[in-house]
Amino acid sequence: MRIALLGGTGDIGQGLALRWAYDTDHEVVIGSRDPEKARAMAEEYETELDSLGVSRSINGFANGMAAERADVVVLAVPPFYVRDTVEAVADRLAEADVLVTPAVGMDRDEGGFHYKPPKAGSVTQLVAESAPEGVPVVGAFHNLSADRLANLDVELSQDTLLVGDDEDAKETVRTLAEEIEGLRALDAGGIANAAEVESVTPLLINLALNNEGMHDVGVRFD
């Protein structure tokens with residue numbers, strides 16, 4: 001399977017790219033608005049993997065070309081770029097593709113981080129409204145520590161919550177998520193439940209900021 005990470009030069013994109021390249025045989029493609037930046041970061045990821053004894057080829061392209069080459073497209077971009085990114089690659093997406101969003105709307109003040117959903121109700125719902133008709137959307141990977149993901153020396157033992165209205169698409173993302181060693185995917189229902197899932201992220205960041213030794217905090221449900 002080909003996985004494109006649009007915005008794959010950022011924190012969550014880097015973590016997911018490295019983990020999928022390290023733990024699976026799927027083809028990983030990095031996308032960016034700047035194709036040169038995408039190619040440079042892809043080379044950096046290859047070098048890091050090579051230092052760990054893993055020889056992988058990772059390609060970098062402009063977002064549109066990355067999306068066109070993929071079966072699963074991950075929108076690893078900040079929430080305020082989500083709509084524009086989807087619209088920019090819409091004509092490159094097919095109904096057989098799966099669109100994945102890990103973005104969360106947040107504000108920060110002196111008290112900490114606070115959930116700030118868009119007018120659509122959640123970023124996942126915003127993506128669903130922006131996606132071409134027939135392209136399924138799944139919300140996933142919202143509550144993971146990007147630093148922990150990107151550090152391949154660290155073992156994961158975390159859950160990711162999935163929301164989506166297309167069961168086949170959600171199953172595809174569940175399989176991809178659980179192919180990352182130490183990550184378990186749990187079904188949290190339809191996109192109508194996305195706000196509850198996304199709102200956990202600022203809570204986790206606030207816990208990390210206010211408690212010593214919890215900078216890579218995640219969630220695990222037992």
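**A tour by helix and strand**

Helices (H or I, at least four residues) and strands (E, at least two) are DSSP runs numbered from the N terminus. The model is predicted: local features need pLDDT of at least 70 and side-chain atom pairs pLDDT 80 or more, while totals for chains, interfaces and linings use all residues. Residues count from 1 along each chain as its sequence is written, and side-chain values use heavy atoms, without hydrogens or water.

**Stop 1: H4 against H5**

Select residues 82-89 for H4 and 123-130 for H5. The two pack at about 25 degrees, with axes 9 Å apart (lines fitted to C-alpha atoms over the stretch in contact, with angles from 0 to 180 degrees between N-to-C directions). H4 is therefore roughly parallel to H5 (under 35 degrees; over 145 is roughly antiparallel, 65 to 115 roughly perpendicular, the rest oblique).

Now show side chains. From H4, pick Val82, Arg83 and Val86. They meet Val123, Leu126, Val127 and Ser130 of H5 (contact is heavy atoms within 4.5 Å). This contact holds five nonpolar residues, one polar and one charged (Ala, Val, Leu, Ile, Met, Phe, Trp, Tyr, Cys and Pro are nonpolar; Asp, Glu, Lys and Arg charged; the others, Gly among them, polar).

**Stop 2: Thr85**

Stay in H4 and click Thr85. Is Thr85 buried or exposed? Its relative accessibility is 10%, so Thr85 counts as buried (under 20% relative accessible area; exposed is over 50%, partly exposed in between; 1.4 Å probe, protein chains only). Leaving aside residues up to four places away in sequence, Thr85 touches Leu6, Asn63, Leu75 and Val77.

**Stop 3**

E1, residues 2-6, runs parallel to E4 and is joined to it by four bridges. Find Ile3, which stands opposite Val72. E5, residues 98-101, is also parallel to E4, with three bridges. There Val72 faces Val98.

Move on to E2, residues 27-32. Five bridges link E1 with E2, again in parallel. Leu5 stands opposite Ile30. E2 is mostly covered, with five of its six residues buried.

**Stop 4: H1 against H2**

Select residues 11-23 for H1 and 35-51 for H2. What angle do H1 and H2 make? It is about 45 degrees, and the axes lie 11 Å apart. That makes H1 oblique to H2. Their crossing is right-handed.

Show Gln14, Ala17, Leu18, Ala21 and Tyr22 in H1. Facing them in H2 are Tyr45, Glu48 and Leu49. Six of the residues in this contact are nonpolar, one is polar and one is charged.

**Last stop: Phe141**

Go to the loop between strand E8 (137-139) and helix H6 (146-150), and centre on Phe141. Most residues other than glycine have a negative phi. Phe141 is not a glycine, yet its phi is positive, at about 65 degrees. With 2% relative accessibility, Phe141 counts as buried.

Notes. Two strands pair if DSSP finds at least two bridges between them. A crossing is left-handed if the near helix is turned anticlockwise from the far one by less than a right angle, and right-handed if clockwise.
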